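Hi,

Here is the structure I promised to pass on.

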Number of protein chains: 2
Amino acid sequence: MSVQLPLAPGSAIGILGGGQLGRMLALAAARLGFDVVVLERQADSPAGRTAAKLIVADYKDEAALADLAGLTGLVTYEFENVPASSVDWLAAHGVEVAPGARALAVAQDRFEEKTFLNAHGAPTVAFAPADTPQEAVKAVAKLGAPALMKTRREGYDGKGQRWVEHAPDAAAAFAELGGVPVIVEAAAEFVRELSVIAARGRDGAMAVYPLAENHHEHGILRRSIAPARASQATAEQAERIAARVLSGLDYVGVIGIELFEMADGRLLVNEIAPRVHNTGHWTQDGCEVDQFEQHIRAIAGWPLGPTKPIAQVEMLNLLGEEADAWVRFAAEPETRIHLYGKHGARPGRKMGHLNRVRPL
Amino acid sequence: MSVQLPLAPGSAIGILGGGQLGRMLALAAARLGFDVVVLERQADSPAGRTAAKLIVADYKDEAALADLAGLTGLVTYEFENVPASSVDWLAAHGVEVAPGARALAVAQDRFEEKTFLNAHGAPTVAFAPADTPQEAVKAVAKLGAPALMKTRREGYDGKGQRWVEHAPDAAAAFAELGGVPVIVEAAAEFVRELSVIAARGRDGAMAVYPLAENHHEHGILRRSIAPARASQATAEQAERIAARVLSGLDYVGVIGIELFEMADGRLLVNEIAPRVHNTGHWTQDGCEVDQFEQHIRAIAGWPLGPTKPIAQVEMLNLLGEEADAWVRFAAEPETRIHLYGKHGARPGRKMGHLNRVRPL
């Protein structure tokens, strides 16, 4: 189905992936009058239960992709590890996919990602690729130990990475990560982790949200505070980085950019996620238009919405059984509750989040 | 299915009716982690396209009601003309229906409604029932012309009512309204129309939103301004009326109460709607917790949320083709867009609404 942009309300939007990000995208799309079609492997998924239509299939299933293409001319995704071949198939069959294949290719490979970032004036830590144990040892020796080894592809929430304390240990770490191509990163001696959520429309217009300050535990985001306390210079640095990344990728949609703030005030890019982002959940109760509606506006060719903050927010992820205290959270007047409807609270599983708001 | 309250996230909530109120209730329920099952006559409906499951059937279809009861132990409705027999059937089969049968019975019959209101200290205009043309003429003669004649049952958005300019005309008006039982109301010489949205939880706790000032055209709401400019005394009068109505009905859920403000400052109740209400749409962008989430919290046995205003809102209904200007509205930074995904913009049909916000 070919698509006419800006996309009119009443039209359908496809989402690859049925997790919580897809669910919150679906709710935002519905608020703007769109129907949502979700393609997802599981019959029971957070986004599937809020979609107008659900296609249960592997992302590479061409019959399923053809079904999707028959229902909608505009498709997005909620996770960056969607197969590139699926996006290519959809694009080849006349479906507009946003963000595009270039953003996906860059985000799916950590070496490509950092190479792209540096080439576009977005600084990162020093890094080197390694395809063999020997290359891995050499890379750590060159960058200095301790260094962080990550698989080039896949991996999220701290999975698929190892700290290497001494260069000779790099061979064992390489094997532990499965013997696949890796990237070795110099340790970033950052003072705090920040992130910036930004959007780019089809006309090239950009919108940048205020910075969030993020706190991780065991590689999983626990808490964001936003708008983060930051100097004007820091905010401008983040905006400049966002603009370079968005333009460099000819991006359409919302992007999440994780940053390290260094002792000297410089911002380094840790990673980019070509989608709505956990560190942007605070915008749901803290900004005029949140990241989910913003993404839908951008991909649908609508004007971008304002990103002005309307409240100070502490966003807390609810992991595993933490979500069981919902009735207590509901009694807190400052707490806005967002639950994903997941059945089964495995330890560490993201079940929902809270936005605790107070006046700016 | 019997239900345990407070209802845990991941559980299903049933909604009778698939219109825009059902859609916005479904979106609010999903945000809190609930699944929604909609029972609706049309295969294609605003709420049906956001529900986890849709049952397409007449509201009186017992097989469909049994399906619904098999999927969820908690059911609510989005319009007050849902058949009382359906609610009775569900209740008899162990389903918790909120608001309850008493609220529905009172709201479905304008004579019962005003009788209930006066009995509970909520003042209305003078009124009289009429079952025959002769009684209708007598009623107008007694109350004074002009008077407003309304069918006791059904009717919404100005349908099912006639102004009677002279008592003898009442017989013709009675015939025009179908010869069914009517209520005749004295003309209310009000200075403006206000409304109050309020909620009552299962524990009897109440929460009242700030007043909205409403403007109708041809019997259809065009515009609400909220919080309305009103004296402390007026606000307290509205809160007192809301408390009396909610307690008198042993109510659970959100209620909309339409008010006339008289020249002497008194508030009269025009009508009550046992559901979320068009004049409460401003709360979506103007209050900490909106009327839709509030209704879900109340019926699910959760603590009620705060009703504090966070912005000044002008709510505008988009009727028929007015919604076609969506791309222009999307470019207005102060405008929050809510569209219902209806296919086919018949004149006067509610297609969506805008909340234009500014700081309090």
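To start with chain A: in what order do the four strands of the open sheet run? The order is 6-9-7-8, and the pairing is antiparallel. Strand 6 (127-130) and strand 8 (161-164) of chain A sit at the edges, each pairing on one side only. Averaged over the sheet, neighbouring strands are turned by 25 degrees against each other, if you ignore direction.

One pairing you can look up yourself is that of strand 6 of chain A with strand 9 (residues 182-186) of chain A: the two run antiparallel and are joined by four bridges. In strand 9 of chain A, the residue opposite A:Ala130 is A:Val182.

Before you zoom in any further, bear in mind that this is a predicted model. It scores ipTM 0.96 and pTM 0.97. For chain A the average pLDDT is 96, with 99% of the residues scoring at least 70.

The axes of helix 3 (residues 84-92) of chain B and helix 4 (residues 101-108) of chain B come within 10 Å and cross at roughly 175 degrees. That is over the 145-degree cut-off, so helix 3 and helix 4 of chain B are roughly antiparallel to each other. On the helix 3 side of chain B, the contact is made by B:Ala84, B:Val87, B:Asp88 and B:Ala91, while helix 4 of chain B brings in B:Ala101, B:Leu104, B:Ala105 and B:Gln108. Sorted by class, this contact has six nonpolar residues, one polar and one charged.

Cheers

Technical notes: Residues numbered from 1 in each chain as written. Chains lettered and ligands numbered in written order. Predicted model: local features only at pLDDT ≥ 70, side-chain atom pairs only at ≥ 80, totals over all residues. Axes fitted to C-alpha atoms, helices over the stretch in contact; angles between N-to-C directions. Parallel < 35°, antiparallel > 145°, perpendicular 65-115°, else oblique. Contact = placed C-beta atoms within 7 Å. Nonpolar A, V, L, I, M, F, W, Y, C, P; charged D, E, K, R; others polar. pLDDT = per-residue confidence, 0-100. Pairing = 2+ DSSP bridges.
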